[in-house]
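The tour below moves from one selection to the next.

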Amino acid sequence: MIERLLDAERNLQIGFVDRAEAIYRGLAESDPRNAVAVVGLARCALERGDERGAYDLAVRALSIDPEDAAALRMEARLSEVLATRGRPVRRPDFVLPDGPPPPGLGTGSEPGAAPRPGREVTTARIEPEAGQSQPEIGGAGTEAQPRRSLLRRMLGRR
């Protein structure tokens, strides 16, 4: 299984999204508790520009493994991105720091239990206080930083 995950990762890195997705999907279908494969599917969706689909897959991965670092970063970042673009998502309580455990790991997840309410993410605009000026972005005296892709930023890679 590790070899197949590595193969999918290599394919995704060189831009063969279809191949990577097929591998990740096969792994996720053969082992529905494989959070790494589900995160891989989310990354494929993100490469295709399907941010909402990637978000849903990240949440699914977190319901499998609530401590998966890649899924945690992806869910948090995509919830911010979607909210900024005017498409806020209802974040499941179990992904929030003070939330209950994910479905299947705590009370309220039994078959027939009512769904847990989530929290909608919104963004706030921070205005400078009176007398303070807004710092210029990319103005004189600042060095241009190379832009990293959304995927690399979410996964913490340089």
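## The whole chain

Start with everything selected. Of the contacts (heavy atoms within 4.5 Å) between residues at least 6 apart in sequence, 54% join residues at least 24 apart. This is a predicted model: local features need pLDDT of at least 70, side-chain atom pairs count only at pLDDT 80 or more, and totals for chains, interfaces and linings use all residues. Residues are numbered from 1 along each chain as its sequence is written, and side-chain values use heavy atoms, with hydrogens and water left out.

Colour by secondary structure. The protein has six helices and two strands; these are DSSP runs, with helices (H or I) of at least four residues and strands (E) of at least two, numbered from the N terminus. Along the sequence the pattern reads α-α-α-α-α-β-β-α. Of the 158 residues, 38% are buried. Buried means under 20% relative accessible area, exposed over 50%, and partly exposed in between (1.4 Å probe, protein chains only).

## Helix H1

Select residues 2-13, helix H1.

Now show Leu5, Ala8, Glu9, Asn11 and Leu12, the buried residues of H1. Viewed down the axis of H1, they fall within an arc of 165°, so they line one face of the helix. The arc is taken from the directions between helix axis and C-beta atoms. An α-helix has 3.6 residues a turn, so residues three or four places apart point the same way.

Cover for the buried residues of H1 includes helix H2 (17-30) and helix H3 (35-47). Just after H1, pick glycine 15, which takes a positive phi of about 95°.

## H2 against H3

Select H2 and H3 together. They pack at an angle of about 150°, with axes 8 Å apart. That makes H2 roughly antiparallel to H3. Angles under 35 degrees count as roughly parallel, over 145 as roughly antiparallel, 65 to 115 as roughly perpendicular and the rest as oblique. Axes are lines fitted to C-alpha atoms, for helices over the stretch in contact, and angles run from 0 to 180 degrees between N-to-C directions.

Zoom in on the side chains. Residues of H2 in this contact include Tyr24, Arg25 and Leu27; their partners in H3 include Leu41, Arg43 and Cys44.

Eleven of its 13 residues are buried, so H3 is largely enclosed by the rest of the structure. Among them are Gly40, Arg43 and Cys44.

H3 and H4 pack at about 170°, with their axes 8 Å apart. That makes H3 roughly antiparallel to H4. At this contact, pick Val38, Val39 and Ala42 among the H3 residues, and Leu57, Ala61 and Ile64 among those of H4.

Which residues of H4 are buried? Ten of its 14 are, including Glu51, Tyr55 and Val59.

## Last stop: valine 89

Select valine 89, in the loop between helix H5 (69-84) and strand E1 (90-91). At 1% relative accessibility, valine 89 counts as buried. Finish with a distance: its C-alpha atom is 8.6 Å from that of arginine 52, 37 residues away along the chain.

Definitions and conventions. Expected span 1.5 Å × (residues − 1).
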